[in-house]
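My entries are set down in the order in which I made them.

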Amino acid sequence: MSVLVYLESENKAYKKSAYELASYASAIASQLSTEAIGLVINNDTPESIGGLNQIISISNESLHTFTAERYASLLSAAFDKSGAQYLVISSSADSKYIGGMIAAQSGSSFIPNVIALPENIEGKTAFKRTVFTNKGFAYTSSKSDRCIIGLSKNSFGVHENDVTSKVEIMTFELNEDRVTVTNQTTADGKATIADADIVVSAGRGLKGPENWHLVEDLAEVLGAATACSKPVSDLGWRPHSEHVGQTGKPVATNLYIAIGISGAIQHLAGINASKVKVVINNDPEAPFFKAADYGIVGDAFTVVPQLIEKLKVFKAQNA
Amino acid sequence: MKILVCISAVPDTTSKINFTADQKSLDTSGIQFVINPNDEFGLTRAVWFKEQQGAEVHIATVGEASVEPIMRKALAIGADKAFRIDTHPSDGFLVAQALSEQIKKETYDLVICGRESIDYNGNMVPGLIASHCGYSFINTCTGLTIDGDKAAATREIDGGSETLETSLPLVIGAQKGLVEESDLKIPNMRGIMSARTKPLEVVTPSNPKALTEDLSFEKPASKGEVTLIEEGNIDQLIELLHKEAKVL
Ligand SMILES: Cc1cc2nc3c(=O)[nH]c(=O)nc-3n(C[C@H](O)[C@H](O)[C@H](O)COP(=O)(O)OP(=O)(O)OC[C@H]3O[C@@H](n4cnc5c(N)ncnc54)[C@H](O)[C@@H]3O)c2cc1C
């Protein structure tokens, strides 16, 4: 009973998340003394990754754009054929889309938002996962022999390993998808909240959309993605896609910088999985100071421009 | 057009989450339950389809009698009829199976679920229902129009968005953006009065099964103190992020 892991590609190369996912799958496989096998779609020459023994590579013209039905049936067929016990998937929007569909088609269970390797609890194999949007953890076991594991981003890390992965090309029959994608818009070259190592986020404390150059300039120096609090997107200062928190996007990044955000419980729940949190707020009583690792009590309009300038110097020295 | 909105009852977003002494379940004392926010966006869009295109709107909730107040609220917002599927919603698989059984009985053109419920964050119910019922499925849906049996939708993807087309019957995973925040309806007196007499049917599911089991719960460890840095000492912040936190 091997461990299968779906490694997402982008422009015919691995997405960043793939390295963590492969490391995690290899670690479960070695716990179980079995093999970890990668599944790669539309990445013709997949390089060795994360200690995987084998990579199954699937290429097909019609798989160039992600469509959920096709991808789900393909992954479910591969899961069935491999006889694997686990299928590990990422926490990307696409993988979350198809997780339930693959589970239904392959008759397996699905445990999402997993943050650690399995452990034994009451004689059962339990996976620690976040619940209540990071306000708690559950130890969850599968009642089915086969289980899909959704790994939370940035929870396990990348573990280098120099095993050479044997690549095998596979072909699958594909059905038409009933849902067709007519257009796709992405901000090319910009870091996304889902992938970025650093996220710079601002709230109502910035007073208005005309001040967002501060956020964008800071993000640019850091190669960070930009985000905002809920009222900022409700007011139309920033697009909904930047709203983070319990009812917006979750953030699990290495460094989260919050500017003029009070730190309401709904906001904190959504960003708490980030490793290091910095807050800049002129109110020393703002609840965010209780959740942050580093804080500056000060006016964003004086602190942020200085921070940008000093970071430019730092970056130049450490380039 | 016949629409079903699947609604889950979740702790109000301001709730502090605690678990029972045996760590086996959520401690519900002092917790106010509300309509799952993602479901509320979906419900609001469904009521829009009712008002603009004459749709009939049903809601369904899997749960014990304690969920009925939030179902009455959904009726007050504008749904026509409610089904409470009478069993404990122990995991997403059980819930999806119970809902699918009801959906096959009634048959719908459109089934709206939240993209996830904010309690157990399962992310799976809409995809499971679509697969069980053989409907098309669009997740993280931020826009939906319907013309005859054709649907046009937008979906949020990582770092952007996508427009999609499909035909009914369809399941969507709703989220913020599907309707504007300002369009969310607070039930008015007339709505609340009429909700009292709208049909709320209790259905016994055949035998849905959970495929996962939560063995125990725990709260996050409490955080250490924040390190405060003087406003005029930004170099120190950069130094700490570089050397101590190692994130720069
Ligand atoms: C159902 C529900 C769901 C919600 N979900 C979310 C969610 O997902 N995400 C979310 O973010 N919120 C959410 N909220 C809203 C949340 O309760 C707060 O209202 C919101 O997070 C506050 O946003 P804010 O911090 O930008 O604004 P405010 O609370 O107004 O805070 C602004 C902060 O800026 C500071 N400030 C002002 N001027 C300056 C200055 N010159 N320099 C530095 N600091 C300054 C102030 O001291 C203050 O702390 C939700 C609310 C509800 C009811």
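The entries below begin with conventions and then turn to chain B.

I worked from a predicted model, in which local features need pLDDT of at least 70, side-chain atom pairs count only at pLDDT 80 or more, and totals for chains, interfaces and linings use all residues. Residues are numbered from 1 along each chain as its sequence is written, chains are lettered from A and ligands numbered from 1 in the order written, and side-chain values use heavy atoms, with hydrogens and water left out.

Entry on B:E116. I located B:E116 in the loop between β6 (110-114) and α4 (125-133) of chain B; helices (H or I, at least four residues) and strands (E, at least two) are DSSP runs numbered from the N terminus.

Entry on strand β1 of chain B. I found five of the five residues of β1 (residues 2-6) buried, so the strand is largely enclosed by the rest of the structure. B:K2, B:L4 and B:C6 point one way, and B:I3 and B:V5 the other. In a regular strand the side chains alternate between the two faces of the sheet.

Entry on pairing. I recorded five bridges between β1(B) and the parallel strand β4 (residues 56-62); two strands pair if DSSP finds at least two bridges between them. B:L4 has B:H58 as its bridge partner in β4(B). β1(B) also pairs with β6(B), in the parallel sense, over three bridges, where B:I3 is partnered by B:L110.

Technical notes:
Buried means under 20% relative accessible area, exposed over 50%, partly exposed in between (1.4 Å probe, protein chains only).
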